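Reader: I have a few quick questions about this one. Can you walk me through it?

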Amino acid sequence: NAVLLPLFQKWCREGKPAAVSPTADVMVNTFILPGFKGRFVLPLNTLIATWDKTNPYRTNANTQLYSDDENLQGFTWAKERKIKLNLAAKGELRDLLTGKVVNPAEIILPPGQGRVFFQGSKAEFDAVKKHFKF
């Protein structure tokens, strides 16, 4: 999202993420912004499709993936999924773009996509939003 580009250019990734997801195929990273309190949580649903029943990382001789005249075939597109985030610290979790408080146990992520959340107080959220004008 181009609106968030100035934020992405200034935040710093935390060495050990302050949030995790027990959902398979969901990566979670957390970021801090120097000069601001709170943290940014970015879960990413890496599952875009399924194949071979077990979704192997690498294909093998039994893999049913193949190309036809138009595209890759032999897989099923993944659907959006509800994930849970386990947060290391307390504080409300807000969707960064809408400002709505979200339940960390009921986050919906489309296949291959992520969302950016802010964890912290309303005042901290408002300060970030005002600074970056979104």
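Author: We will go through a helix, a tryptophan, the salt bridges, the aromatic rings and some backbone angles. Keep in mind that this is a predicted model.

Reader: Start with helix 2. Which of its residues are buried?

Author: Helix 2 covers residues 122-132, and its buried residues are Phe125, Val128 and Phe132. Seen down the helix axis, they fall within an arc of 65 degrees, so they line one face.

Reader: And which exposed residues sit on the face turned away from the buried side?

Author: Ala123 and Lys130.

Reader: What covers the buried residues of helix 2?

Author: The cover includes helix 1 (5-10) and strand 4 (39-45). It also includes strand 11 (93-95) and strand 13 (117-119).

Reader: What follows helix 2?

Author: Lys133, with a positive phi near 55 degrees. Lys133 is not a glycine. Its relative accessible area is 74%, so Lys133 is exposed.

Reader: Where else is there a non-glycine with positive phi?

Author: At Asp25, where phi is about 70 degrees. Asp25 is in the loop between strand 2 and strand 3 (26-32).

Reader: Asp25 in numbers: what is its relative accessible area?

Author: Asp25 has 39%, so it counts as partly exposed.

Reader: Switching topic. Where is Trp11?

Author: Trp11 is in the loop between helix 1 and strand 1 (12-13).

Reader: What does Trp11 touch, leaving aside its neighbours within four places in sequence?

Author: Trp11 is in contact with Phe31, Ile32, Leu33, Phe40 and Val116.

Reader: How far is Trp11 from Gly114, C-alpha to C-alpha?

Author: They are separated by 17 Å. Along the chain, Trp11 and Gly114 are 103 residues apart.

Reader: Which backbone oxygen lies 3.5 Å from a polar side-chain atom of Trp11?

Author: The backbone oxygen of Phe8. The rings of Phe8 and Trp11 also form an aromatic pair.

Reader: Back up a step. How many aromatic pairs are in the whole structure?

Author: A search finds 6. One of them is Phe8 with Trp11, which is tilted. The centres are 5.0 Å apart, with 35 degrees between the planes.

Reader: How exposed is Phe8?

Author: Phe8 is partly exposed, at 30% relative accessible area.

Reader: Which residues form the aromatic cluster?

Author: Phe8, Trp11, Phe31, Phe40, Phe118 and Phe125 form one cluster. Phe125 takes us back to helix 2, where it is one of the buried residues.

Reader: What lies over the face of Phe125?

Author: Arg94, at 5.6 Å from the ring centre. Arg94 is buried, with a relative accessible area of 8%.

Reader: Which residue forms a salt bridge with Arg94?

Author: Glu92 does. The closest N and O atoms are 2.8 Å apart. Glu92 is partly exposed, with 38% relative accessible area.

Reader: How many salt bridges does the structure hold?

Author: The structure holds 4. Another one joins the side chains of Arg39 and Glu14, at 2.8 Å from N to O.

Reader: Why does the pair of Arg39 and Glu14 tie together parts apart in sequence?

Author: Because Arg39 lies in strand 4, while Glu14 is in the loop between strand 1 and strand 2 (19-20). The parts are 25 residues apart in sequence.

Reader: Are Arg39 and Glu14 buried or exposed?

Author: Both are buried.

Reader: Which residue forms a salt bridge with Asp126?

Author: Lys122, with the closest N and O atoms 3.0 Å apart. Asp126 and Lys122 both lie in helix 2. They are 4 residues apart, about one turn of the helix.

Reader: And the relative accessible area of Asp126? What about Lys122?

Author: Asp126 has 33% and is partly exposed. Lys122 is partly exposed too, with 42%.

Technical notes: Residues are numbered from 1 along each chain as its sequence is written. This is a predicted model: local features need pLDDT of at least 70, side-chain atom pairs count only at pLDDT 80 or more; totals for chains, interfaces and linings use all residues. Side-chain values use heavy atoms; hydrogens and water are left out. Buried means under 20% relative accessible area, exposed over 50%, partly exposed in between (1.4 Å probe, protein chains only). Helices (H or I, at least four residues) and strands (E, at least two) are DSSP runs, numbered from the N terminus. The arc is that of the directions from the helix axis to the C-beta atoms. Contact means heavy atoms within 4.5 Å. A polar contact is a pair of N or O atoms within 3.5 Å; within protein, one must be able to donate a hydrogen and the other to accept it, and residues adjacent in sequence count only if both atoms are side-chain atoms. Rings of Phe, Tyr and Trp (its six-membered ring) pair if their centres lie within 6.5 Å; planes under 30 degrees apart count as stacked, over 60 as edge-to-face and the rest as tilted. A charge sits over a ring if NZ of Lys or CZ of Arg is within 6 Å of the ring centre and within 35 degrees of the ring normal.
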